[in-house]
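Reader: I would like to go through this structure in short steps. Please give the cut-offs as the terms come up.

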Amino acid sequence: MKLSWSIWGLALSAAPSVALPAGEKQEKRAAEPVSVTLPGGAGTVVGASLDGIDSFSGIPYAEPPVGQLRLRPPKRLESSVGDAFDASGLAPACPQMFISNEAEGVLADALKTLLDLPFLAVLEGQEDCLTVNVQRPAGTAADAKLPVLFWIFGGGFELGGANMY
C-alpha cells in the first residue's frame, strides 16, 4: 500500500520499505516534465511529474514586493509568466530573521545544536517570494473539478518556507 499527501506544495509519499537482495541497487527515477497553459494568456508553467503527482512550484501570484510595494498588500500580477516558466524546482523562501547562531555560552551552544536539525536550517530568502505551489494527480484533465486545499504556513518571517518540507 502506498500513501501520498501534500504539505505546503510539496508532494510526499510513503510506502512500506522493501529489502533489496544483497548487491542489488534501487533505481532512482527522474521526474518527467509536465506543462499547463494558464488562463487569460498568462503563460505556460512547466512542472514535474513523479509517482502519480504533477507538481508546479514557485508560480508568482503578485508583483514582486520591492521598492514602493515593499511591506504593502500584494498587487495582483499583471504580466505573463512567459512561454515556459520553470516551476519544477523549489519555490523561493521569504527572508528569514531566525535565531542568531553567533551567540556564545552554554544556552547558545544548545541552541546551535538544535539549529543544526534539518527542519530548522536557516533558509536563504529573497523578497520576491509571493508564489504558490500547486499539486494535482498526474494526468488530470483541464476541465476536472478537483477539491482544493489552501494552506498558509504562519512562520511570521521567522521560520519556514516550502523548501523545508
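Reader: Where does Tyr61 lie?

Author: The model is predicted: local features need pLDDT of at least 70, side-chain atom pairs count only at pLDDT 80 or more, and totals for chains, interfaces and linings use all residues. Residues are numbered from 1 along each chain as its sequence is written, and side-chain values use heavy atoms, with hydrogens and water left out. Helices (H or I, at least four residues) and strands (E, at least two) are DSSP runs, numbered from the N terminus. Tyr61 lies in the loop between strand E5 (53–60) and strand E6 (85–86).

Reader: Is Tyr61 buried, exposed or partly exposed?

Author: Buried means under 20% relative accessible area, exposed over 50%, and partly exposed in between (1.4 Å probe, protein chains only). Tyr61 has 41% relative accessibility, so Tyr61 counts as partly exposed.

Reader: In what order do the elements run from the N terminus on?

Author: The protein chain has one helix and seven strands. Their order is β-β-β-β-β-β-α-β.

Reader: Which residues make up the largest nonpolar core?

Author: A nonpolar core joins buried Ala, Val, Leu, Ile, Met, Phe, Trp, Tyr and Cys residues through side-chain atoms within 4.5 Å. Buried residues make up 23% of the 165 residues in the protein chain. The largest core has six: Val34, Val45, Phe56, Ile59, Val81 and Ala87.

Reader: Which residues is Val81 in contact with, leaving aside neighbours within four places in sequence?

Author: Contact means heavy atoms within 4.5 Å. On that basis Val81 touches Leu38, Ala42, Gly43, Thr44, Val45 and Pro60.

Reader: How many residues apart in sequence are the parts tied together by Cys94 and Cys129?

Author: Cys94 and Cys129 form a disulfide (sulfur atoms within 2.5 Å), with their sulfur atoms 2.0 Å apart. Cys94 lies in the loop between E6 and helix H1 (106–115), and Cys129 in the loop between H1 and strand E7 (131–137), so the parts tied together are 35 residues apart.
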